[in-house]
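Hi there,

Here is the structure I promised to send over. Have a look at it first, and then read my notes below.

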Amino acid sequence: MRENGPVTSATRQPETPAAALPPRLIATDLDGTLLRDDKSVSERTVAALAAAEKAGIEVFFVTGRPARWMDVVSDHVHGHGLAICGNGAAVVDLHGGPGAHRFVKVRELARENALDAVRLLREAAPGTVFAVEQTYGFYQEPAYPKLHMEIPDTLATAERLLAPDAPGAGEPVLKILAFHHELDPDAFLTVARRAVGDRATITRSSPSALLEISGPGVSKASTLELCCAERGISPEEVVAFGDMPNDVEMLTWAGTSYAMGNAHPAVIAAASGRTVANNEDGVAVVIEKILAERL
């Protein structure tokens, strides 16, 4: 189980919200939600996703992951093939498979806003170190820890990485990452939101003190809302799943939402229902129930 701080134990049966309109779209987070802790997708979950699509319910993966980390579910996309990545910073077509994805929509973090966030966080939380996530590149400060199992394209200060002549200057910035070695994760999030204000959207999905900083108004919820509007799908027709603070807005927006049994307390408070933990296939449990009720 992920170390998400205090959580209540998983229940054996999902706590089901009051019925809204029949669902037309399922929006699910990946890590700690759809994926098991070993990052696999269980056979039960694969079958549930396929059954939902066969029944005419679209499935959207909505994650903080960058597009290049989507190979874990690229074999399980159906129909539209789209995923929302980077906490809403990008909509990606996964049909091409790993390394061949196409960005359909990009909601970038302006470099001026990113630099403001870096400056304000350095003042509010001395010792913060940064990394920069772009559409195709990843750059970090020398003191930023090896958290992402990849070799950065460039090592330099955040100010240098965000400069007009920086490596990858022609690429949109999707988000910046801020890490602190000593602060409590939730306390760090509170400090950062207070310091940065409306210059950026700040959230977290890691059990460590790692913050994800996106453009103003950019979140899983706001990008999902755009995708649903293009399809004529209302919030009441969406069922959403999540486990960490970066899912809160999405779970609040969706007409029906489930916190995983392993979810952060803020997620449990935001969701309209609760299912079992990710390692118990909590998403599949709910999908199976939804499909059974349609018979």
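Buried here means under 20% relative accessible area, with exposed being over 50% and partly exposed in between (1.4 Å probe, protein chains only). In a regular strand the side chains alternate between the two faces of the sheet. S12 spans residues 238-242, and five of its five residues are buried.

Before going on, a word on the source: this is a predicted model, in which local features need pLDDT of at least 70, side-chain atom pairs count only at pLDDT 80 or more, and totals for chains, interfaces and linings use all residues. Residues are numbered from 1 along each chain as its sequence is written, and side-chain values use heavy atoms, with hydrogens and water left out.

Helices (H or I, at least four residues) and strands (E, at least two) are DSSP runs, numbered from the N terminus. Two strands pair if DSSP finds at least two bridges between them. Strand S1 (residues 25-28) pairs with S12 in the parallel sense over four bridges, and Ala27 has Ala240 as its bridge partner in S12. S12 also pairs with strand S13 (residues 256-259), again parallel and over four bridges; there, Gly242 has Ala259 as its bridge partner.

**Helix H5**

Which residues of H5 are buried? They are Pro185, Phe188, Leu189, Ala192 and Val196. An α-helix has 3.6 residues a turn, so residues three or four places apart point the same way. Their cover includes helix H3 (111-124) and strands S9 (173-179), S10 (201-203) and S11 (210-214), where contact means heavy atoms within 4.5 Å.

At the start of H5, a side-chain oxygen of Asp184 comes to within 3.0 Å of the backbone nitrogen of Asp186. After H5 comes Gly197, with a positive phi near 65°.

**The whole chain**

The protein chain has nine helices and 14 strands, and 56% of its 295 residues are buried. Of the contacts between residues at least 6 apart in sequence, 60% join residues at least 24 apart.

How values were computed
Polar contact = N/O pair within 3.5 Å; in protein donor to acceptor, adjacent residues only side chain to side chain.
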